Amino acid sequence: MVDYVTELTGDWALSLHADYGGKSGLYYEYFNSVKQPAYGLVNLRVAVENATLRFEIFGENVFDKAQYTDVASNFVTGGLGDLGIRGRGSRFGGRIKASF
């Protein structure tokens with residue numbers, strides 16, 4: 001994780017944030033027939049803020065790395081094939097926060 005903050009003009013500050021989270025490969029059931037390879041996700045955030053306002057843009061899983069939250073093998077699905085529930089793909093957005 002990397003965080004960087006620098007002062008701008010007046011009471012405004014610029015903050016940059018980047019993080020990387022990695023997972024090792026794993027098998028989803030005891031037959032070891034379906035394996036999720038190791039993967040890593042990158043998240044980025046840029047914000048400009050003062051004491052009362054914060055403007056932020058962000059990206060989560062910015063490289064759209066495929067990962068699965070659950071997988072069932074062909075054996076478990078009764079011949080329907082290997083089925084998986086894909087994790088969240090890339091997500092980008094913005095936030096505005098006001099403090100009173």
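**Ground rules**

I am working from a predicted model, where local features need pLDDT of at least 70, side-chain atom pairs count only at pLDDT 80 or more, and totals for chains, interfaces and linings use all residues. Residues are numbered from 1 along each chain as its sequence is written, and side-chain values use heavy atoms, with hydrogens and water left out.

**Entry 1: the sheet**

I started with the strands, which here are DSSP runs (E, at least two residues) numbered from the N terminus. I count two strands as paired if DSSP finds at least two bridges between them. I found an open sheet of 5 strands, in the order β1-β2-β5-β6-β9, with antiparallel pairing. Its edges are β1 (2-7) and β9 (91-98), each pairing on one side only. On average, neighbouring strands of this sheet are turned by 10° against each other, direction ignored; the axes behind that angle are lines fitted to C-alpha atoms.

**Entry 2: strand by strand**

I looked up β1 and β2 next: they run antiparallel and are joined by 6 bridges. Asp3 stands opposite His17 in β2. The hairpin of β1 and β2 has 5 residues between the strands, and Gly10 there takes a positive phi near 65°.

β2 and β5 pair over 11 bridges, again in the antiparallel sense. Leu14 has Val48 in β5 as its bridge partner.

Then I moved to β5 (residues 39-49) and β6 (residues 53-60), which are antiparallel and joined by 6 bridges. Glu49 sits opposite Arg54 in β6.

**Entry 3: charged side chains**

Side chains of opposite charge can pair when their charged atoms come close. I call it a salt bridge when a side-chain nitrogen of Lys or Arg is within 4 Å of a carboxyl oxygen of Asp or Glu. The structure holds 7 salt bridges.

Arg54 meets Glu49 in one of them, at 2.7 Å, N to O. Arg54 also bridges to Glu56, with the closest N and O atoms 2.8 Å apart. Glu56 has a salt bridge with Arg45 too, at 3.8 Å, N to O. That last pair links Arg45 in strand β5 to Glu56 in strand β6, 11 residues apart.

Which of these are buried? I use buried for under 20% relative accessible area, exposed for over 50% and partly exposed for in between (1.4 Å probe, protein chains only). Both Glu56 and Arg54 are buried, with Glu56 at 9%. Arg45 is partly exposed at 30%, and Glu49 is partly exposed at 25%. Salt bridges that share partners join Arg45, Glu49, Arg54, Glu56 and Arg95 into one network.

**Entry 4: the aromatic pair**

I found 1 aromatic pair. Rings of Phe, Tyr and Trp (its six-membered ring) pair if their centres lie within 6.5 Å; planes under 30 degrees apart count as stacked, over 60 as edge-to-face and the rest as tilted. Trp12 and Phe55 have ring centres 6.3 Å apart and planes at 25°, so I logged the pair as stacked. Trp12 lies in the loop between β1 and β2 and Phe55 in strand β6, so the pair ties together parts 43 residues apart in sequence. Trp12 is partly exposed at 24% relative accessible area, and Phe55 is partly exposed at 37%.

**Entry 5: the greasy patch**

Tyr4, Leu16, Val46 and Ile57 make a nonpolar surface patch of about 350 Å². Patch residues have over 30% relative accessible area and no salt bridge; like charges are joined within 9 Å, nonpolar side chains (Val, Leu, Ile, Met, Phe, Trp, Tyr) within 5 Å. The areas come from the Shrake-Rupley method with a 1.4 Å probe. Leu16 lies in strand β2 (residues 13-23) and is partly exposed, at 33%.

Notes
Helix = DSSP H or I, 4+ residues; strand = E, 2+ residues; numbered from the N terminus. Axes fitted to C-alpha atoms, helices over the stretch in contact; angles between N-to-C directions.
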